[in-house]
Amino acid sequence: MPYTPIAPNLVEAIVGHIRYHQKNLGARYHSEDYTEHETAGEMTTVGGATVEVMALVKFDKKYSYGQDAERSVQVGATAKCHGWGCADPRSEESFGEAAPLDANGYDIAATAEPLVQAAREWAQAHAEKCRAQPYTGR
Ligand SMILES: [Zn+2]
């Protein structure tokens, strides 16, 4: 039997990013506001390039005067075409509601699913018409 790799579970991957951020809070060189990209699918366009679907995990920290800083996490999705010279290479980035960083990671990750689904649909439709070729360096 040929070996067929199984794609990582997206919810688990997002929960992993959230746990990593929680664990590294306060660590030196660890940023408090950044966006993690998790590949959630790849499609081949008619031109042979790749459209990548990504889940986004955005961390933020806000200060309000006289209060403790509020850390939050927001999940979202986008898709990007890697075709060279593609005329419309990116879907919109869409995000769900921000949740407190200490909320349940699985609940937060689950909110990514409809957004990732929309990004996959954009990617599929784009792949069916995009004729930009992959850049080969020549
Ligand atoms: Zn394209």
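**Note on the predicted chain**

1. Start with the contacts. In this chain, 66% of the contacts between residues at least 6 apart in sequence join residues at least 24 apart. Two residues are in contact if their C-beta atoms, placed from the backbone, lie within 7 Å.

2. A word on the source. This is a predicted model, where local features need pLDDT of at least 70, side-chain atom pairs count only at pLDDT 80 or more, and totals for chains, interfaces and linings use all residues. Residues are numbered from 1 along each chain as its sequence is written.

3. Now the overall layout. The chain has three helices and five strands. Read from the N terminus, their order is α-β-β-β-β-β-α-α. Helices (H or I, at least four residues) and strands (E, at least two) are DSSP runs, numbered from the N terminus. The C-alpha trace spans about 55 × 40 × 30 Å along its principal axes.

4. Next, burial. The chain has 138 residues, and 25% of them count as buried. A residue is buried if 20 or more other C-beta atoms lie within 10 Å of its own, exposed if 12 or fewer, and partly exposed in between; the C-beta atoms are placed from the backbone.

5. Look at the largest nonpolar core. It holds 26 residues, and A55, V75, A77, A112, V116 and A119 touch the most other members. Two or more residues come from each of α1 (10-23), β2 (50-62), β3 (70-81), α2 (105-110) and α3 (113-129). The biggest share is from β2, which gives seven residues. A nonpolar core is a set of buried Ala, Val, Leu, Ile, Met, Phe, Trp, Tyr and Cys residues joined through C-beta atoms within 7 Å.

6. Which residues does A77 touch, not counting those up to four places away in sequence? They are M54, A55, L56, S94, A112, L115, V116, A118 and A119.

7. Strands β1 and β2 come next. Strand β1 (residues 35-44) runs antiparallel to β2, and nine bridges join them. Two strands pair if DSSP finds at least two bridges between them. β1 and β2 form a hairpin with five residues between them. In the turn, G48 has a positive phi of about 95°.

8. Follow T39 for a moment. T39 lies in β1, and its bridge partner in β2 is M54. Leaving aside neighbours within four places in sequence, T39 is in contact with E52 and M54. Is T39 buried or partly exposed? T39 is partly exposed, because 13 other C-beta atoms lie within 10 Å. T39 and K80 are 41 residues apart in sequence, yet their C-alpha atoms are 10 Å apart in space.

9. Then there is the pairing of β2 with β3. These two strands are antiparallel, with 12 bridges. K58 has Q74 in β3 as its bridge partner.

10. How many bridges pair β3 with strand β4 (residues 94-95)? There are two, in the antiparallel sense. G76 has F95 in β4 as its bridge partner. Strand β5 (residues 99-100) also pairs with β3 in the antiparallel sense, over two bridges. In β5, A99 stands opposite V73.
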